[in-house]
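Subject: Structure for your files

Hello,

The structure is below, with the sequence. My notes on it follow.

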Amino acid sequence: MAEKVLEQLRIKLKEGLTEPIIKSLLDDLRDKKVLGNEEIEEIVQKTKPRADQARDLIDGVSRKGTKASEIMLACLKNRDIYLYNSLNIDNHLAIPERGATCSPAPTAYSTTDKQKDLVSGDEVYKMDSNPRGLCVIINNENFANKKQKRKGSQKDVDSLKDLFEVLGFLVEVEKDKTADEIKALMAKYSNDARHGDCFVCCVMSHGNETGVKGLDEKICPVNDITSPFDGDNCPALIGKPKVFFIQACRGCKMQSKVLVTDGAGPSRNQKSGKLYSIAKDSDFLIALSTVEGYFSIRHPLSGSWFIQSLCKHLKEGSEQGQDILRILTNVNNDVSREEGIIIKENNDRVDAKMTPQPQFTLRKLLIFKAPKICLF
């Protein structure tokens, strides 16, 4: 029966499975010996778009029959409970096939009020403090070399500030900092007494493979930006999401263009009343504007491709209750489709292409929710 559910929900699953979830499912299915290494390599070919990977995963598992399909659905429930529940998969599994006399699906798949409470409480990060937390925006715009002025970056600052204020964050903007000043700011905000349920930091500057550039031309490594907020250095944010959006070049190459046709407690957490431990680097999301070695594109009037797309999709996605990984997948799709021309100093014209790169150690769904407005 489970394979029939996969077939019935094939289109919606193909649309809903994000690239990180596909990779996690493939790891699970390899461990459970549902798929072999060669089958997985065929699914995740680098030239294959996400939608095709999702389709091949669904079809490959459903062809293996009921047991394999049950395992995949159980893994999906563990990896993306939001998608699982939005497709009402438990109810699909509980309905016998037409004309069949078999009993309903195993009770392990039945939805109970207790399970719903578990999803809302344990599977989604708490996001109801007021304010939601701190959002720090660092914008390096005015470098000593006038040719390096980051025109258009103020547009990004304004968009980010407007967005995170609407989402209930206390927003603070820092401008034109050296590498050491950026590190000092991170230490300062790590010890800030105003932390809520989430911390957000947006850093915009020039950069290279190792980090972002200060106004003094020195590099501040990404790890020096994020590590002050880990479990050792910032107890107030243990078990809470720490989100970093970094808009900066990571090299001097331009990504090439390829043609694609889409197919169809503050310091402890509790669970079941028991204390448990997590790794100190848990609960991080670092969304980099481009992959290592390549340029990140910014328009001198309308701002950077990454930040503008992020603000658009995060606003829309938060209103629809989407989690951040799904939102960032939409950002990746949006930015990767952008078209532009870069005119180099020698007047050569180069096609502009880029794709962002999220990295995360999140343990739960992260859903940004704007505070409710009380009318008196």
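Phe-368 is in contact (heavy atoms within 4.5 Å) with Met-127, Phe-164, Leu-167, Phe-169, Cys-198, Val-200, Val-243, Leu-314, Ser-318 and Ile-324, leaving aside its neighbours within four places in sequence. This is a predicted model: local features need pLDDT of at least 70 and side-chain atom pairs count only at pLDDT 80 or more, while totals for chains, interfaces and linings use all residues. Residues are numbered from 1 along each chain as its sequence is written, and side-chain values use heavy atoms, with hydrogens and water left out.

Phe-368 is also among the residues with the most contacts inside the largest nonpolar core, which has 38 residues. A nonpolar core here is a set of buried Ala, Val, Leu, Ile, Met, Phe, Trp, Tyr and Cys residues joined through side-chain atoms within 4.5 Å. Buried means under 20% relative accessible area, exposed over 50%, and partly exposed in between (1.4 Å probe, protein chains only). Elements giving two or more residues to this core include β1 (133-139), α10 (153-166), α13 (305-319) and α14 (324-336); helices (H or I, at least four residues) and strands (E, at least two) are DSSP runs, numbered from the N terminus. A second, separate core of 34 residues includes Ile-22, Ile-40, Ile-81 and Ile-89.

Helix α13 has 15 residues and reaches 22 Å from first C-alpha to last, close to the 21 Å expected (1.5 Å times one less than the number of residues). Its buried residues include Trp-305, Phe-306, His-313 and Leu-314. After α13 comes Gly-321, with a positive phi near 75°.

Asp-176 sits in the loop between β2 (170-175) and α11 (179-190) and is partly exposed, with a relative accessible area of 24%. Asp-283 lies in the loop between β9 (274-275) and β10 and counts as buried, at 0% relative accessibility.

The peptide bond from Asn-130 to Pro-131 is cis, with omega near 0°. Pro-131 is in the loop between α9 (113-122) and β1.

Regards
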